[in-house]
Structure formats: structure tokens, C-alpha cells
Amino acid sequence: MNSLAYRWHAIRAIIKREARSSFFGLGLYIAATIACFVASFIFNSYINTVQGNNIMVMTSPLNNPLFYAVIVAALYTAISSSTALSREKDKGTLEILFYGPVDYTSIILAEFLEDLVSFLIIMTLVTLYFVYTAITTNLGFSITYLYTIILAVFLAASMSSFGLWLSSLTTRIRTSVLLFILIMGGFLGIQFLEGYILTLKPENLSLSMIYIMGIVSNVLRIIKWASPFNYLTNGINAVALGSTSLYLENMIGSLIYTVVILTLTVYTLKWKGVKKP
Amino acid sequence: MIRTEHLYKSYENVEAIKDLNLFVEPGEIYGFLGPNGAGKTTTIMMILGIIKSTRGKVLIFDKDLYSDYFRIKRKIGVVSEIQYLYEDMTAYEYLSFFCDLYGVKNKEKKIEELLHRVNLYERKDDLLGHYSRGMQQKIGFVRALLMDPELLILDEPVSGLDPTGIRELRDLILEENKLGKTIFMSSHILSEVERISHRVGILNKGRLVAEDTMENIKKKLSSEVEIELEVEDFDVESQKKLESLPFVNSLVREDGKFIVRVKADKDYRNELVNFIASSGGHLNEIRRREMSLEDAFLTITEKNISLFSSEEVVE
């Protein structure tokens with residue numbers, strides 16, 4: 001057997017074990033339920049708006065609820081991946097895996113792919129719910145649904161890679177979760193701040209204030225490239241706007257982001273080690 | 001089989017391992033000893049590539065681990081002090097997972113055969129979380145043997161086990177050694193190491209201070225040997241004459257027996273028997289008092305002796 005064959009054995013075995021654990025656990029089903037619940041809520045508000053404003057024609061009424069369901073599923077993926085490595089380190093099981101012919105790349109790829117498998121299971125359950133909704137309400141699907149699902153896989157990949165990187169930094173589950181909340185909160189804050197800056201009217205600001213705002217805005221624009229939320233929101237906007245170029249740009253952006261972050265995770269795990277604390 | 005060359009490991013300003021040069025020969029059982037915190041586990045982790053050394057080289061099967069990582073790792077089985085099992089899995093599921101992970105063929109047959117060997121086949125469908133410490137240790141052993149490795153690295157394998165568990169694992173280690181496997185075993189249970197090791201290495205404060213057969217270590221440590229005599233009709237004058245023999249250092253009486261301290265350069269028991277016979281004494285028993293591994297270990301570690309330099313270790 002060559003190195004690739006060994007890696008493949010390790011990746012397949014870990015995915016199988018983790019998927020079994022997810023499948024028989026509650027997390028995945030709770031996430032799917034929340035996603036469906038959020039989608040129902042959004043759908044209900046949408047219908048009420050339509051009814052309240054006497055709108056007769058709606059394009060793709062299931063799109064908006066789907067976007068929110070994708071956000072919930074992607075968030076679950078990120079949270080789950082942010083504890084994946086630290087949980088194994090905390091329990092000492094990661095160290096045991098490294099006694100055999102298993103390397104850092106195999107472990108990280110396995111955890112990453114398992115996250116995608118879990119995400120797809122959630123999206124399958126969500127799709128079943130949407131099919132049921134479409135049948136009961138007599139509202140049809142548009143091709144946008146398929147586009148969203150395909151793009152969602154790329155977005156989940158960037159969320160998962162980011163979560164795994166956070167997980168490689170820590171040795172305790174609790175620290176991982178806290179770090180995740182802190183950094184994600186920071187990223188969301190940055191996006192909010194950027195949005196706020198854009199709403200400010202230059203005519204109401206002094207020259208020095210405009211200059212400072214310009215610098216802050218540019219810094220924020222750079223920082224937000226490190227945020228997986230950026231790809232999530234931009235991707236959803238691309239689908240909503242029906243812009244193919246923006247859609248492809250986000251897909252490629254997510255892919256590059258995922259590869260870079262996963263490589264960084266391999267080096268971080270090597271640096272931090274796999275021994276039980 | 002394992003060779004380390006000028007291996008160092010530092011954590012911030014502390015040198016955990018200093019200039020470690022150890023050599024494990026193929027087919028032997030090598031006992032790796034040292035007090036708590038001496039650096040035994042750190043050394044094992046460096047051998048396995050789990051911890052990176054600050055300086056120096058580790059060669060396994062005469063190769064650098066990273067020159068052929070997967071193939072070399074496949075030839076090594078590791079049993080640690082604590083097994084850290086997936087407690088939500090049954091023994092069979094756990095071993096099956098590791099077979100898949102390592103790419104073991106005929107996994108059902110292999111698992112069945114190994115579980116029978118450790119008398120756990122009947123419990124194969126029990127959750128590992130319900131296993132006792134000894135049973136978990138056996139599962140760790142089975143996991144290490146799944147790939148039929150050439151080298152077994154055991155880090156405190158019998159620690160925390162009851163006497164039955166210790167005996168079962170000892171038999172397993174000896175069986176595997178008879179099958180040709182090289183065993184590198186760290187332990188603080190000195191009697192176990194003494195019983196089964198062909199050679200031992202003693203690590204003290206991160207430095208290898210002795211590496212040899214037990215016999216040679218004892219020889220190097222002792223400048224004199226104690227011989228116990230049970231003699232009748234051995235008068236005071238004969239005792240004085242015995243004490244003045246050139247190879248005798250001292251003679252004391254202890255619980256009705258004579259303890260003669262003689263030089264360690266050769267076995268003087270024949271000379272003593274002849275002397276007692278010529279002086280009219282009746283010898284009932286003569287016994288050489290052996291230095292135990294514990295005595296040797298304590299002498300080396302407490303006095304900071306290095307058997308490589310015959311000097312005290314300078315900190």
C-alpha cells in the first residue's frame with residue numbers, strides 16, 4: 001500500500017465512525033428541526049406580508065426560508081467542527097489514533113468530510129420538509145433551490161474548515177466553544193460595523209471623520225475575507241440577485257478559503273500537538 | 001530496531017531530555033526505567049513522532065520515521081498506560097474501527113483470534129465504558145497487535161493492574177517476544193522489568209545513565225559482593241583469619257549467619273568453602289546475595305550516578 005492508500009483507509013474509517021456517532025446522536029436532528037422551524041417562521045411571515053399587502057404574484061416564495069435554513073445548518077456545521085479535534089484531544093483518543101499509521105492530513109480531511117456528510121444529512125431532512133411544504137401549499141420549487149443547495153455545500157465547507165482550525169488551537173471542548181462564540185461574534189460585529197459605515201452620509205461628517213471612516217472601512221473589508229460568514233451572506237445574496245458571476249465568484253472564493261484554512265489547520269495541529277492535556 | 005542519536009527535548013527553558021543515545025536491538029525486551037518525570041513518556045512520544053525533538057535523530061528500523069511514515073508506523077504497536085477508548089463503542093466495534101483505520105485484512109478472523117487470546121471474546125459485544133481497567137488494558141494490547149507489528153512499544157503497560165492482570169499481560173508480552181517481536185517497555189514496576197527484560201536503560205533527569213544487561217549493571221555498581229554463610233564449629237580465631245584473607249573486605253554476624261563482603265572481581269565462593277573446611281568448620285549453606293534491580297535503580301537515581309562515565313551526573 002502507498003501513502004495515499006493508507007490515508008484513504010484512515011479517512012474512510014474516521015468518517016464512518018464519526019458519521020455513525022452523529023447519526024445516532026441528537027445534534028444533527030436538533031439542527032434539522034431548528035432549521036425547519038426557522039424556515040417555517042420565515043415562510044409564515046412571508047405569506048402574511050403577501051396577504052397583508054394584497055400581492056398576487058410571488059417569485060420563488062420558498063427561497064427566503066431556505067436561505068435561513070442553510071444559515072442554521074451551516075452554523076451547526078461550524079459549531080460541530082469547532083469541537084471536533086479538541087473533543088478528541090480532551091478525551092485522549094486523538095493521541096491513540098496517532099500511535100498507528102495515521103497522519104495530520106488524514107485526521108483533518110476525515111473530520112472535514114464528515115462535517116460535510118452531516119451537513120448533507122441536515123439538508124436532506126430540510127429538503128424533505130420543503131417538499132412537504134410545497135405539496136401542502138401548492139407552491140412550486142424553482143431552479144434557485146438547486147443552486148442554493150449546491151452553493152450551500154461550498155459555504156458549509158468554509159464554515160467547517162474555519163471551525164476545524166479553531167478546534168486545532170485548543171485542547172478543551174469548552175475553550176473551543178468560547179473561542180468560536182468570541183470570534184464569530186467578532187466577525188458578525190465587523191460585518192455589522194461595515195454595514196453601519198455604509199449608511200452614514202458623508203455630507204453630515206467632517207473631513208477628518210470621512211478619512212478615518214475610509215481607513216476603517218478598508219481594514220474591515222480585508223478582515224472580513226477571513227470570515228466564513230462573508231461567503232455565506234455573499235453567496236445567499238448572489239442567489240437572491242440571480243447573478244451567475246457573483247454565484248461562481250463565491251463558489252470559487254469558498255473553495256480557495258477552505259483549502260487555505262484546512263492547510264493552516266494541518267500546520268496548527270502539528271504545532272499544538274495531539275497529546276491529551 | 002530503535003536508535004536515538006543525541007536526542008534533546010526542551011520545553012521553554014527546561015531540558016526534559018538531554019543527549020539521549022539509546023539502542024534497542026531486534027528481538028530483545030528492553031526495559032526503559034526512570035523515576036516519575038524522568039522523561040520516559042516524552043522519549044516514547046518522540047520515537048513515535050507525536051512530539052518533535054528539539055535536536056537529534058530517531059531511527060526506527062534504521063530509517064528516519066518521516067522517510068517512510070506509514071510503512072514504519074504499520075510495523076509498530078503501542079500500548080499506553082491509559083487506553084482512552086471510545087466508551088460508546090463495543091469492543092468488537094472498536095477493534096473493527098482500528099482494523100479499518102490501519103487497513104487490516106480479514107479483520108473478523110483477526111479480532112476473533114486476538115480476543116480469544118486475551119479471554120475477552122465472550123465480552124466482545126459489551127460497551128468499552130463498562131470494561132474494568134484490566135480489560136481495557138487488554139483491549140489496548142489487542143489494538144496494538146492488530147497489524148502484527150514487529151516492534152511493540154509499551155508505556156507503563158501493567159500500571160494499575162491487579163496481580164492476575166499483571167501476570168496475564170506479562171505472559172502476553174513474553175509470547176509476543178517468542179514470536180520474534182521486539183519489545184520496548186517503560187515501567188516503574190521494577191520487579192516486572194527485571195523478570196522479563198534482556199537489557200535495561202535507566203533514564204534519570206532526562207539523561208540515560210545506564211544501558212546494559214541487568215548482570216552488567218549490577219557488576220558495574222558493586223565493588224563488593226555479599227556472601228551469606230551458615231557455619232557450625234567456626235571459632236573466633238578462624239573468623240579472624242577469614243577476615244584477614246586478601247579478598248575479604250569485612251565479616252559481620254547477622255541473625256546467626258556470617259555475612260562476608262568480598263571483592264567483586266571474581267567469584268570467591270570456592271575459596272571460602274576451602275578455607276572453612278581447612279579451619280574445621282562445618283558449612284551448611286553458602287549463598288551469594290544478589291543485588292536487585294530495585295537496589296541498582298535506587299543507587300543510580302538517588303546518587304545521580306551515570307554508568308557511562310563512572311561519575312556523578314553534573315547538573
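A residue is taken as buried if 20 or more other C-beta atoms lie within 10 Å of its own, as exposed if 12 or fewer do, and as partly exposed in between, with C-beta atoms placed from the backbone. The model is predicted: local features need pLDDT of at least 70, side-chain atom pairs count only at pLDDT 80 or more, and totals for chains, interfaces and linings use all residues. Residues are numbered from 1 along each chain as its sequence is written, while chains are lettered from A and ligands numbered from 1 in the order in which they are written.

We can begin with chain A. Of its 277 residues, 38% are buried. Its secondary structure consists of ten helices and zero strands, where helices (H or I, at least four residues) and strands (E, at least two) are DSSP runs numbered from the N terminus. Read from that end, the elements of chain A follow the order α-α-α-α-α-α-α-α-α-α. Along the principal axes, the C-alpha atoms of chain A fill a box of roughly 65 × 60 × 35 Å. Among chain A contacts between residues at least 6 apart in sequence, 85% join residues at least 24 apart; a contact here requires C-beta atoms, placed from the backbone, within 7 Å.

A:E203 sits between α7 (173-199) and α8 (207-223) of chain A, and it counts as exposed because it has 6 C-beta neighbours inside 10 Å. From A:E203 to A:A157 the separation is 46 residues in sequence and 42 Å in space, C-alpha to C-alpha.

Turning to chain B, the domain assignment gives domain 1 (2-218) and domain 2 (223-289), such bounds coming from an automatic or database domain assignment. The C-alpha centres of domain 1 and domain 2 of chain B are 45 Å apart.

Notes:
Two residues are in contact if their C-beta atoms, placed from the backbone, lie within 7 Å.
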